[in-house]
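Q: I would like a close look at one part of this structure. Please pick out a single element and walk me through how it sits among its surroundings.

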Amino acid sequence: MKKRNYLIKVRRSRKSFLGYYLMILIVMGLLFHLYRIGDNPNKLALNSSIIFIFLILIYIEYTRLKDWWAITEGSIVQSQGLLNKNIREIDFSSISDLDLDQTFSKRILNYGNINVRLFLNETSIKIPNINKPEIFIEELQGLISGSRRKGNGIRKV
Amino acid sequence: MELGRYNNEHLHFAHRRKVKREIFFFVFFTFVIGIILLSSFYGESFLTGKVIGKISQEELIDFQALLSVPDLSLEGNYDEVMVTLGMGQDIYIDNKRISLTEFENKIIFFNFNGKINLNKSGVLNLEGKSSEIKINNIPINSRKNRSLKVSIPQNPPYKSFEIKEEVYIKEIDFESSGKLNLDKDTLNLNSERIKIKNYQGSLKLENSRMNLNGKVEMVEIHGNFSKISLSKL
């Protein structure tokens, strides 16, 4: 696959890991509070906390970095995996419809899931937890419409 | 159709993996919070304190000794730690310095949790937490009902030091002179090497002598030409 400039490139939003960041904040807050009042936690507690925070941060960054989605002038590109890569490119002509899935909390934080359905109907692309999904959908719809107007999406038999 | 079913099953398994990961992190989080809170209440010894229970009382022999003082490091939870310090020494409570003005100052730490280092030269270093302290019978408590941070950091000489009944010494090996009673046997030491293993009992240090009264798993004495090892088994 040729390397090219992507019009839009997105990854999972950090907002989707809010629960994990909250756990880190609770652990760090508890440690800070205990140090402040003089009840120093022991080595096991300290080491467990450090390992826990480190694991969570690694997990968040790995999950964010391993998958990305991009839009080119004529297709959507999906890349999965960090070491073993799986890249899939879907032409706009194969896309049947798009939908946006946002819960109430996701609407407040302005991130959500986008489902890209294909004419084949069996395989769809799920773009989970991206920032500003409405803008992404608008851009994508604009490009798909533009592409079809130019006749790229319609094969002449 | 089959491709669609495969896709749905794949998504189902991916969802289950995600749920398992979330459960794992939540359990780990609960474990970490639990460890932090337990260590705050019980200090360093909340794991090691259980060691005492694991030694069967049947494996221990009665032990009393009056020996010269070794270098001793203690760490744990003690109901009462009694220290007598001379005039002009300082003690720190919640980072505030208290100067001891009497000729002999008797200090009692109640529910002490921390580290104590005793030197054969007769100096003391103490650091930990205590629910209540009495200095010459004057009680000192925390207004907020929490533990007081205590320390005697300047290695002052002590006149006496005592912990009643709950001292656990895993192993101590030092050269000493004195007298010891093991079960019904009495032994006199004269600058001989003694090794005491798994001692439980009281500890009193006064006039450069260490008084032990409790139970022990094993005592080894290395003389000039011979070695004696005494235990129940």
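A: What follows is a look at helix 4 of chain A, then at its setting. Keep in mind that this is a predicted model.

Start with the chain as a whole. Chain A has four helices and seven strands. From the N terminus, the order is β-α-α-β-β-β-β-α-β-β-α. Helix 4 covers residues 133-149.

Now its length. Helix 4 of chain A has 17 residues. From first C-alpha to last, this helix reaches 24 Å. That is close to the 24 Å expected at 1.5 Å a residue.

Next, which residues of helix 4 are buried? They are A:Pro133, A:Phe136, A:Ile137, A:Leu140, A:Ile144, A:Gly146 and A:Ser147.

What do these buried residues pack against? Their partners in chain A are strands. Strand 1 (8-10), strand 2 (68-71) and strand 3 (75-80) are among them. So are strand 5 (95-101), strand 6 (111-118) and strand 7 (125-131).

Step back to chain A again. Of its 157 residues, 40% count as buried. Take the contacts in chain A with a separation of 6 or more: residues 24 or more positions apart account for 50% of them. The accessible surface of chain A is about 9600 Å², and carbon and sulfur atoms hold 56% of that.

Last, a word on confidence. The model scores ipTM 0.77 and pTM 0.60. In chain B, the mean pLDDT is 81, with 85% of residues at 70 or more. Over residues 45-54 of chain B, pLDDT stays under 50. Where pLDDT is low, predicted coordinates should not be read in detail.

Key
Residues numbered from 1 in each chain as written. Chains lettered and ligands numbered in written order. Predicted model: local features only at pLDDT ≥ 70, side-chain atom pairs only at ≥ 80, totals over all residues. Heavy atoms only, no water. Helix = DSSP H or I, 4+ residues; strand = E, 2+ residues; numbered from the N terminus. Expected span 1.5 Å × (residues − 1). Buried < 20%, exposed > 50% of the residue type's maximum accessible area, 1.4 Å probe, protein only. Contact = heavy atoms within 4.5 Å. Areas by Shrake-Rupley, 256 points an atom, 1.4 Å probe, with all protein chains shown as cover. pLDDT = per-residue confidence, 0-100.
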